[in-house]
Amino acid sequence: MFLKLRKKVAPPPGCPMSACMSLLGGVWTPEIIWNLSEGPRRFSELRRAMPAISAKVLSGRLKDLEERGVLSRTVMATTPPSVEYALTALGEELIPAIRAIVEVGTKLHHRMTSEAGNGAATQGQAAA
């Protein structure tokens, strides 16, 4: 049995969740946004806050986020010139979503550590 294809049906618009997740799904993106949520930061401050990220990757992610309108880049007239990064209005709108992810992640971390602790205690009791 074959289903008839509908004609003249407009394609569905892009999924808003997919658009947001493609932005947040970038490597280091949530961490960068989270670190800028407390205010503008210089490149070196971001590097210190996220020591596992390389300078090359951080530079690329910052450039990408600037192009997408999530953050702004301001060159300070100092000697030598310094650059400061800050969230735009769009970037600020992402903070509640990231905060919710952090809260769930904290709960998951506590759950995993308590289960690991209970497992070790149970093994210790079994050995005694």
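In which helix is Ile-33 found? Helix H2. Keep that helix on screen. One caution before we go on: this is a predicted model.

Now, is Ile-33 buried or exposed? Ile-33 is buried, because its relative accessible area is 0%, and buried here means under 20%. What does Ile-33 touch, once residues up to four places away in sequence are not counted? The list is Leu-24, Val-70, Leu-87, Gly-91, Leu-94, Ile-95 and Ile-98. Take Ile-95 from that list. Ile-33 and Ile-95 sit 62 residues apart along the chain, yet their C-alpha atoms are separated by 7.4 Å.

Next, Ile-32. With residues up to four places away again left out, Ile-32 touches Met-50, Leu-58, Arg-61, Leu-62, Leu-65 and Leu-71.

The largest nonpolar core has 19 residues, and Ile-32 and Ile-33 touch the most other members. Which elements each supply at least two residues of this core? Helix H1 (16-24), helix H2 (29-36), helix H4 (55-67), strand S3 (82-87) and helix H5 (89-127). As background, nonpolar side chains tend to be buried together in soluble globular proteins.

Stay on H2, and move to Asn-35. Asn-35 has 18% relative accessibility, so Asn-35 counts as buried; the cut-off is under 20%. What lies 2.8 Å from a polar atom of its side chain? The backbone oxygen of Glu-31. Beyond neighbours within four places in sequence, Asn-35 is in contact with Arg-41, Leu-46, Ala-49 and Met-50. Met-50 is also on the list for Ile-32.

Now the strands. S2 covers residues 71-76 and runs antiparallel to S3, with 6 bridges joining them. S2 and S3 form a hairpin, with 5 residues between them.

Zoom out to the whole chain. There are 5 helices and 3 strands. Along the sequence, the pattern reads α-α-β-α-α-β-β-α. Of the 128 residues, 22% are buried. Among contacts with a separation of 6 or more, 48% come from residues 24 or more positions apart. The accessible surface is about 9,700 Å², and carbon and sulfur atoms hold 61% of that.

To recap: Ile-32 and Ile-33 touch the most other members of the largest nonpolar core, and Asn-35, also in H2, counts as buried. Over to you for questions.

Notes:
Residues are numbered from 1 along each chain as its sequence is written. This is a predicted model: local features need pLDDT of at least 70, side-chain atom pairs count only at pLDDT 80 or more; totals for chains, interfaces and linings use all residues. Side-chain values use heavy atoms; hydrogens and water are left out. A nonpolar core is a set of buried Ala, Val, Leu, Ile, Met, Phe, Trp, Tyr and Cys residues joined through side-chain atoms within 4.5 Å. Buried means under 20% relative accessible area, exposed over 50%, partly exposed in between (1.4 Å probe, protein chains only). Helices (H or I, at least four residues) and strands (E, at least two) are DSSP runs, numbered from the N terminus. Contact means heavy atoms within 4.5 Å. Accessible areas come from the Shrake-Rupley method with a 1.4 Å probe; for residues, only the protein chains shown count as cover. A polar contact is a pair of N or O atoms within 3.5 Å; within protein, one must be able to donate a hydrogen and the other to accept it, and residues adjacent in sequence count only if both atoms are side-chain atoms. Two strands pair if DSSP finds at least two bridges between them.
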